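Hi,

Here's the structure I promised to pass on.

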Amino acid sequence: MSKDFDPAHNYKKTRKHVGYIERHVARPDTYEKLGFKCGLEVHQQLKTEQKLFCRCPAGIYHDFNDFDAELIRHMRPTLSEMGTYDGTALMEFKTRKNITYRIKNDTTCTYEIDDTPPFRVNREALNYAIEIALMLKTNIVGELHITRKQYLDGSIPTGFQRTAIVGIEGEIVLKDKRIRIIQLSLEEDACREISDIRHERIYSTDRLGIPLIETVTYPDLTTPEQARDAGLFIRFLNRSSGRVRTGIGSGRQDVNVSIAGGTRVEIKGVSHIRNIPELTHNEAFRQKALLLIKNLLQERILEPEKWNIRYRTINFDVSDIQYTPIRNAMEKGWKLVAVNLPKFRGVLSFFTQPGKSFADEISGRLKVIACLEYPNMIHSEDQMPVFDEKLLEKRSKILGSKPEDAQLVFWAPEEDIHTAVETIAERCRLAFLGVPNETRQALADGNTDFERVLPGADRMYPDTDSAPIPIKEELIDKIRRGLPINLENRIAQLENWKIPSHCFNYILRNNLSPLMERIITDFNIESIFLGTLLGQRLKYIEGHHEAGPEFNYDSIYHLFRLVRERDLHPEIISLLLPVHYRYPRLDFDSLLNSAGYKNYNVKKIPADISELKRIFHNLKKSIHPLAEYNWIMGQLRPAVLGNISLSELSKIVREEQSKHKEPADV
Amino acid sequence: MSDIFKGYRGSALDILKKFKVRVWSDAVIDTTRGKFSGIILPRSENDDDQHIVLKLSNGYNIGLDINTIENMREIGYREAHYKIPEKDFPTDKGKAKVKLFGTGGTIASRLDYRTGAVIPAFSPGELYGAVPELAEICNLETEKLFAVFSENMGPREYMKLATAIGKEIEKGVDGIVIGHGTDTLHHTAAALSFMIRNSPVPIVLVGSQRSSDRPSSDAALNLIHATTTAARSDIAEVMVCMFGPTSDEYGLLHQGTRVRKMHSSYRSTFRTIGDVPLAMVTRNEIKPLRHDYNRRRKDRQVEIFPFFEEKVAMLYYYPNMLPDMIYSLIENEYKGIVIAGTGLGHVNKPLYPALRKCQELGIPVYMTVQTLWGYVHMFVYDTGRDLMSMGVIPAENMLPEVAYVKLGWALGQTKDLQKVKEIMLKPICRDITPKEPYNGYLVYQGGIPEVEEFIRKVHK
């Protein structure tokens, strides 16, 4: 390591070289230049009584410490149907995890823990999946074949997820673009992870087996914003079916991103669609950075097949143990290993993501594959070095390093060293090739971290425990007849109703259009008022108050009915809604009372206005007629609400204002 | 039928022929439900003839209804060759020599396109490819004797297996492992317990409850436990080695004559009945739970008794059983009958004449209990005494399946009913035990607070 190298400077320099800009200043052509391509896999739980392959109830969750029994499993890779091993499977086998499942009898039977073959597929779930597959305009398969998709991380005790394709080749239409759908599949949800530390991973099995649909799009999305819009569209479409669960954890997205010359990378477990733009933006630049690193290494290393790392177990130095992670490692009897990466100078501090560099790519794999928790290494290009240069130089000497090399030091128990060293060497070698096929975990800050090697088609295997299920023409026809209006039409309907566009999201997300249709038809309510009441007023209330346990959107229909029965003006509902939302069981009179409704004789409005005008005049706040108008409206609104519409009130106020104009004041 | 349409028949076959599309071809298919493309897979013979199976490029399989197919064309061909990577099994002079006999079952298996289920696959190289840990335990040799599901194992297979094991022992092997389907594993274990006498080495039967084509299969760990036992343990008995709990934690070694499959699908399905298991086994250790077993010896003085009378039957008694059940056995010239009776070993009165007929004709009838746990006690009630007066012989606490196997084995050796009786009632390898330990019967009742607390603490 030569002294003239400044990692912080190199990081800044390479960030510029990559051309990284923040998302808010990026424009569509930023992504066009990168060759940005993105596809989505949208997962959505179905609202069924029972799980997909057993009779356990779906949708009940327990506290992680509330369990009846624990059991332990290990996973081994197996061959695919086509006779090959899957890369992910082999990687996960290397990690040698003890997987513990916490089971609760209420939500788990012998099926979930793989001690009983699957029962017949849940028909309710299958019908819902067909329904949504039809809404996506996919081609419905003739026969459902349950397939096993291997997951060796333990998230499913069998080591595979049972999944089946319901339809292929559909489409959705965004504002300005048609997005093709690859498939809709029906599958079982996985366990919830409780913890994952070193070689011990713990899962809860309550969520395991809940029916889930996965909608997969082609990589037709060309900007991060488009990816978000497609995500929202699919979510709204799912919800408009009325067949899906809502609430935390009921929907998740995996986002596939690639750029020109890059590779498909899957960002897994994006729980909020609003995070998609930032994540995909950063991933695109990470790929760009990795491609530049590839070029750099290709220039430097002419015979990549001969390239190899050198490593040695080294002694703990006095200054090592001032660094807590290393001191802890020493106390546990772990080993300290120094690794030389030939010709990697400037690579470890090469920008990859905001605040991250190539060294984090190695560190991420050390955590997942070698089970070494963060922080798990230090290196010669740390922007905030833990040790002084002298120690670094001493170690470089031990390793026989040259000036153009980079070094890292990691700490691990003896039995994990081999895997760790292999992991480091493998990640470095992958850098010669560009962007590795990876599944990456979404982080809250918009960055991603290594999760596993991206699985391929080789992890699929027919489920020998279940027979194919024919999907008959009559069933499809029956379901097709009951389909809800499709989402494009729903959006057109809102536009037709002249609902302000900022209200769309909330209305579609909660599938309120059918409710609106009923209210408009049955009570002859003005659509703009209703749209704003729901898409703006109710959204605000929901964000600021907690709903009473019996509240549901349908109860709003009954509010309108009661208002009609009492012959009140429907605008009173904006006053009643916050109270009703919190206390849905309150009887109507108490509701009116709490909301501050008073019976008001409309005939005395002109008299009141003239009195108010007098008061306003005395207050001498302003002489402007508009100010007077606003003030009078403000005084009268709460009193008259429900007795007369505000537009009528406004008309009367204006009339009264012009009638009694006092010329002297104007 | 031509092999290029594997598994297809009837209308589905006609469609493939009509459009000249072979199995394993990469095909594009137009249907009334849209266009599909992928590789045509073989179809299971038991499935209907109304669908064609397609593997999509993403690895998923789907079926297409032939009534929706408008056109099909081949655009390529890609036949799958399912093969476990085979590697030479490394040998190490310092390690014990273990012989693994294959009989079939799911200990090693692969997909069968004909039935859509799994079929056994087996070779040392394949096993090493799948479970490399085996090389750290022993020097392994394998021999495939049969490739049958365990329900197809029978007397002929028992005798062939016993003889083959005898030869291996004489050749100097340090331990025997037998891969076997689990359904009748305990029948074979009992047969080998009787047929192989005085073995100087461990003989371990092993299977798996989850086929080895699954990542969470118990096959690998069972095999590791079994080879560890065969190579290192000093228990020279015929044993069944299977999971203790359903967790991947330890295996149990069950005496071949006291073990039974007790759950249709659980991993920890095998239980020792009326006794405690011989030992617990992990990757590193064999921990005996009993100490009265036969020890490993250096000599090769094994004796093989490969005999079996096939015309032996077992009757599982139920209330209102009619005597014709027994008459039909007599008519069909059965040579011996084992009854699994109720309670202490009873059947109803209508069977009496038929039982008397057996006595007259010299067909031995042995009584066992369908409670599985406990002894036959035929002096307690009159029924028992009546039955004994009709020549029904109580078989102590022999498990019904074990009594069945033993009677076949005894009748295979002699027609002399007195000698048969001597063989039957003389304990050979804990098939009959002189007493039942207090912890020989443990069936905990889930739901009881203290049991729930116990379950919560230990791994299931």
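A quick word on the angles first: axes are lines fitted to C-alpha atoms, over the stretch in contact for helices, and the angles between N-to-C directions run from 0 to 180 degrees. Also bear in mind that this is a predicted model.

I looked at two helix pairs, both involving α16(A). Start with helix α14 (residues 513-523) of chain A and helix α16 (residues 554-565) of chain A: their axes come within 10 Å and cross at roughly 10°. Angles under 35 degrees count as roughly parallel, so α14(A) is roughly parallel to α16(A). The crossing of α14(A) past α16(A) is right-handed.

Who touches whom there? On the α14(A) side you'll find Leu515(A), Arg518(A), Ile519(A), Asp522(A) and Phe523(A), and they meet Asp554(A), Ile556(A), Tyr557(A), Phe560(A), Arg561(A) and Arg564(A) of α16(A). Sorted by class, that contact has six nonpolar and five charged residues, with no polar ones.

Now the other pair. The axes of α16(A) and helix α17 (residues 573-582) of chain A come within 11 Å, crossing at roughly 135°. That angle makes α16(A) oblique to α17(A), and the crossing here is right-handed too.

For the contact itself, α16(A) brings Ser555(A), Ile556(A), Leu559(A), Phe560(A) and Val563(A), while α17(A) brings Ile573(A), Leu576(A), Leu577(A) and His580(A). By class it's seven nonpolar and two polar residues, and no charged ones.

Cheers

Definitions and conventions
Residues numbered from 1 in each chain as written. Chains lettered and ligands numbered in written order. Predicted model: local features only at pLDDT ≥ 70, side-chain atom pairs only at ≥ 80, totals over all residues. Heavy atoms only, no water. Helix = DSSP H or I, 4+ residues; strand = E, 2+ residues; numbered from the N terminus. Parallel < 35°, antiparallel > 145°, perpendicular 65-115°, else oblique. Left-handed = near helix turned anticlockwise from the far one by under 90°. Contact = heavy atoms within 4.5 Å. Nonpolar A, V, L, I, M, F, W, Y, C, P; charged D, E, K, R; others polar.
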